[in-house]
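Biologist: Can you walk me through this one? I have the sequence and the coordinates open.

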Amino acid sequence: MLQKLRPRDSKTDLLFVATDRFDYFTLLWNPQTFRLETVNSYKDPGERYMRDSQSQDRCLVDPSGRFMIMHLWEGVLNVWRMGHRKNNAMVLEWMEQVRLSELFIKASTFLYTETGHPKVAFLYQTRADATDAKLATYRLTSDDRDTVASQFNPEKDRELDMEVRDSTASMLIPVRKVEEEVKRHNVRHVELAKAHLGGLIVVGETRLLYIDEVTKAKVESVLKEPSIFVAWAEYNVTHYFLADDYGHLHLLRIKTNGVVVTGMEVSRIGETSRASTLVYLGDNYLFVGSHYGNSQLLRLDLENQNPKQRLQLIESFQNIGPILDFAIMDMGNRGDSGQPGNEYSSGQARIVTCSGVHKDGTLRSVRSGVGLEDIGILADLELCRGLFSLRSHGSLKTNILVMSFLTETRVFKFDHQGDIEELSSFCGMTLDQQTLLAVDLPSGQILHVTPAAATLLDTESGVAITSWTPEEGRCIINASANAEWLLLSVDGVGLVSLSLSNDLRILKEKNLNQSDQIACLHVPPQSSGIGVVGFWTSGTVSIIDLHTLEPIHGESLRTSKDDTSIPQDLALVQLLPPEVSGPLLLIATQDGNVVSFNISSDYSFSGKRRVVLGVTQAKFHLLPQENNLYSVLATTEHPSLIYGSEGRIVYSAVTAEEAAYVCPFDSEAFPDCVALATDSQIKLARLDRERKTYVRSLPLNEMVRRIAYSPKEKVFGLGCIKRELVKGEEIVQSSFKLVDEVLFDRVGKSIELGSPSYTELVECVTRAEFIDSYGNPAERFLVGTSYLPDPDYSPAPSHGNPEARGRILVLGIDSDRNPYQILSYQLKGACRCLAVMDDGKVVVGLTKAVTVCEYKETSSTTAQLTKLASYRPSTYPVEIAIHGRTIAVADLMKSISLVDYIPAEEGGQAKLVERARHYQSAWSTAVGYVQNGLWLEADAQGNLQVLRQNVDGITEDDRKRMELTAEINLGEMVNRIRSITVETSPEALIIPRAFLGTVEGGIYMFGTIAPHALDLLLRFQEKVADVIKAVGDSDNANFRSYRAFKNAERVGHGPFRFLDGELLERFLDVDEAIQEVICSGLGPTVEDMRNIVEELRRMH
C-alpha cells in the first residue's frame, strides 16, 4: 500500500509504504544520490492476529496533510500524524489504534471542514450479508489541539448517522469549500437550510446524494442509467471524473446557484481502459491507471461539441496483467511442446498470453531480446555470401550496397529518396567473382578483395590504383582490414600483411608449415599494427604483429585432449568505454560456442568466458556505435547481439530468425539501418541498440480466459468470455476462436456457446492429436465448459438433461480454417480442467471428481467419450498436470495429490489410485511437473513449493506422503505453470524447467540447480543477502523475510533451497570492493562469480 504525504514547509512529498509483513516506513527521494532513503520505519506485530478488513485496505490523508488513517482490520482504525515542530516535521508519529463499531466499511474519506479539525466519513453496511448502506461521520480528534484521537463512540462522537436510499452505494467524494461573499451562519432549523458547496457526495449505482458538511442538508439526484462506478478524480470543485466497471468515463457536474447546490448530473464523455484509479494531473491531462488493461494518459477537451473528440489518447502504458493463461509458442524449435528447446534460445522464448479482463482482454505476444524491425525487402536472392556497404564519390552517407555470391558480385545504388538501381559496373570493381571484402578507406578510396586479387580503387575516376595478386595457382581465402592494414590468408597456409597507406606495399609474407592451417583472421578496427589469427589443427588463437607476422601472445581453446574446438571467426573490439574495460576478443568455434578474452595493453589474454549461442558456428558482424565503440551481431541459427551496457558485456537474443550476413547501412533514405541477408532474401532492417521486451497486442475486446497452441495448424485456440451492458442488463457470452500464429489475427468463424436460457462459460481449452475415423493423426481442440442457469428459466440447459452442469466439446479445423464440432458430451459437473495423456486418454477435472476417459472418433463429425476410471479429491480440483501415467491434482484447499492411472487388465476395470499426498493445507492455483518426480505447486498466497513423493520412506504411510524440497514466497499469485524441456550442456548451472504467469502480469522462469553448483549458489545468495539491503531498515525488510513462505498457518524464516535470480544479479551492480566481501570464503574468485552471474543473467 502506498500513500503520499507532504510535510510542513516541504517542497517534496514523503512516500508511505505498508507491506503485508506488517512493516510501515516512509521514504524520501534524495536528488544528490538519486536514491530513496528511509526516514522512519515502524512495526506492529500484534496486528497479524486481527481479522482482515472485508473491503480493500485503505490509507487516507486529511486535506491539511497533518493526519493519516489506515483501515486494515475489521473494526480497527490506525491513526497517525505528522510532526508539528520544525525538528520533527518529517516524522510520522503513531497516535492511536481505535475500535470502530462500523465493521463492514464500504468506503471512507476525510472531509473538508471550516474549523480545521479533521473529520472522517464512513459508508458501511450493518452486516456482511446485509444489502443496506449507512453513512456516519466522526471528528478524528477529541480535543481542540488535535492531539488526542477520538474514541469513535457511536453514541457520543458520531456527528451524522443516516441511511442511504441506494443500498448499492460504494463511493464517497469529498467536496471542497468555496469562499462565500456573505458568510453563512448556523441556522436554528437545519431542515430549512440549503446545501452549500463543501460537503460529501455519496455515489450509488442509481442515485447521487450530496450532503452539506455544516448543515447536513441533502440534495439527491437520480442517474439517467445505472452504472457501477469504481474510481473518481476531481477536475474542479464542481466537476468530477467517474469511471465505471465497463470502461466508460463520465463527468459528474454539481449544479449550483452561486454556492448553493441545486442538483447533480452525470454524462458520459468517452471510453478508456477499465480504471483502477484516476489521477487528474492538471492542464487537462488525466491518467487512467488500470489493473485490467493498459494504463492511459489522456488529454481532455470537455468543451468540444463532438463527443468523440473530448478524449485524446496521448500515451498508453503496456500492462500484460492479469495473465489468465499463456502458451509457449517458441523455444527455438517452433514445434510441439513435447519437443525440447535449446539452452541458448531461452532468452528468445516467445510467450503468448491471455491478458486483460472483459473489454480490455487482449492476446499478447511477449518476447525479450534485441528488436529487428524490417524496413523492406530489396530482392529475393538466394545463397548470398556477404554484404558490404560503401559510399560513392561525393556522397556523405552510405549509398552503395555490395552483395557477394559464389560466382559473382552485384552492386545496388540508393538515392536520397530510397529508390534503388542495380549497377552494371562500379568504380572498376571485378563483378564476375566473389567479393571477400569491400570497404571505404579514409583517403576516399575503396579496398576490394576477391579470391584473385586485392585492389585499391579510386571512386572519382573509377580506375584501379594498384593491385596485389597471389602467385599463380594460389588464391585468397580470407581477408580483413582496417584503415591502415590489410591481412590476407592465401590457400589457408600463407599470411600476407599489406600497408594500405602505401598503396598495398607488402610488409611481410609468411608461410606456415603443413602441420597447421589458418582457420580465420581479423584486423581490429581500432588497434594499430596487430592482427588476430586462428588455427585449425592446434585450435589456438594468436595476436600477431602485422609488421613481422610473428605472434605476440596466444591462447589454446582446448581444455583437454578430447576437446576439438576450432576457431571459425574472430572479432577484437571495444564494447565498453576504455575507462571501464579494455578491448574484448570474441572467438566463434565450430560447435556454436563463443569464447571471449579480455585483452590487456600488452596484448595478453585474461578473463576467459564461454557462452553457448547455438549448435553451429557463429559469424561476427561489427556494428559501429557512438564514442568509437562497437556492438557485434553474431549470426547463427538464433542470432545474438553482443554489446556493452552498465559496465557489463551483454549477450542478447535478436528477434531475427534467419539472418546469415549483416552489414551497417546508414543511408540518407534509411538512417541507422542494417542490410541483412537470409537464405532467400536481402532486406533492410532497423536494429535496436540493446535488449528490450517486445509486446505485440491483438485486442479482442473480450476476456481471453484460456489458450492452446496447435503447432500443426499454426493457430491458437482461444476460449473467450464477453461481457457487455445492453439496455441496463449485463449479458455474458462465451465463444471459441482461432488466431493465426503468423498474421497474429483472427481466422475462421467463432463458435458461440450458451443460449438465452442459460449462460455457458469456458473453463478450459487444450489441444491434442487423436486418431480420426480413417486411422490418421488429426489435430483437435478440447473445450471444457460450465453452465450458469438463469433462475428465471428452466434449469435444464439442453437436450432435456436437467442434471447437466457442463460439457466437453471436441473441435476440428476444416480446410478453410473454421472450427467445427465433432463431439458435445454432457457432464453432471462443471468441467474445470482438461489434459491429455501420451496415449490419448483424456483426463477431466470436474467439480468434485477427476475422471479418465477414452476418446474415439466414429466419423468425421461424430465421436464417443467413454469413462474408464475416476478419483475423488478432497474438495475441488483447480488444476491437473500429467507426467506419464501420473496425474497431479491441485486441490482448492488441500494442496496436491499424485494419482496413478492403471489400465484395465484381463477383463477388469481401469483404476485411478492415489500414490501420495501433500498433507499441509494450501489454496492451490497451479501445478506443473519439474523433473525426477518433482512437482512445482503455486498457491493463492503467492508461495511456490517444490514437492516430491517420499519413495524411500520406511513405512507405507511415509511413502504416501509428499515431502517439501524447496519453497519461496513469490509475492504474486500464479495463474498458470507451463513446463518446458530444454537441452543443456553438462556445465550448465541452471536448467530451465517451467514458465509462470501471474495475476500481476509477471512472467517468471523456474529452473533447477545443477547438483555441482547447489551449495555454492545457496551460500552465494546468503552472502549477497547480508550485504545488499532494501529500503525500510526494519528487521523484516531484508531478503529472507521478504521471500519467506507465508500463509495463514505458517510463516517461514526465509527461502528454503530456492534461489532468487533478481537478488543474485544485483551482485553485478555493486562495486568491486563489495564484490570481494561477498566472495570472501566462497572459493571461486570475484571474476568467476561475475561470469556465473552473467551466465544466469543471459537466461532471461
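**Strands and rings**

Modeller: Trp 29 is partly exposed, because its relative accessibility is 45%, and partly exposed means between buried (under 20% relative accessible area) and exposed (over 50%), with a 1.4 Å probe and protein chains only. This is a predicted model, where local features need pLDDT of at least 70 and side-chain atom pairs count only at pLDDT 80 or more, while totals for chains, interfaces and linings use all residues. Residues are numbered from 1 along each chain as its sequence is written, and side-chain values use heavy atoms, leaving out hydrogens and water.

Biologist: Where is Trp 29 placed?

Modeller: In strand S3, residues 23-30; strands are DSSP runs (E, at least two residues), numbered from the N terminus.

Biologist: What is the strand order of the open sheet of four strands?

Modeller: S1-S2-S3-S4, with antiparallel pairing; two strands pair if DSSP finds at least two bridges between them. S1 (2-5) and S4 (35-43) each have a single partner strand, so one side of each has no neighbour in the sheet.

Biologist: New topic. How many aromatic pairs are there in the whole structure?

Modeller: The search finds 24, where rings of Phe, Tyr and Trp (its six-membered ring) pair with centres within 6.5 Å, and planes under 30 degrees apart are stacked, over 60 edge-to-face and the rest tilted. One of them is Tyr 24 with Trp 80, edge-to-face because the centres are 6.0 Å apart and the planes at 65 degrees.

Biologist: Is Tyr 24 buried or exposed?

Modeller: Buried, because its relative accessible area is 2%. Trp 80 is also buried, at 0%.
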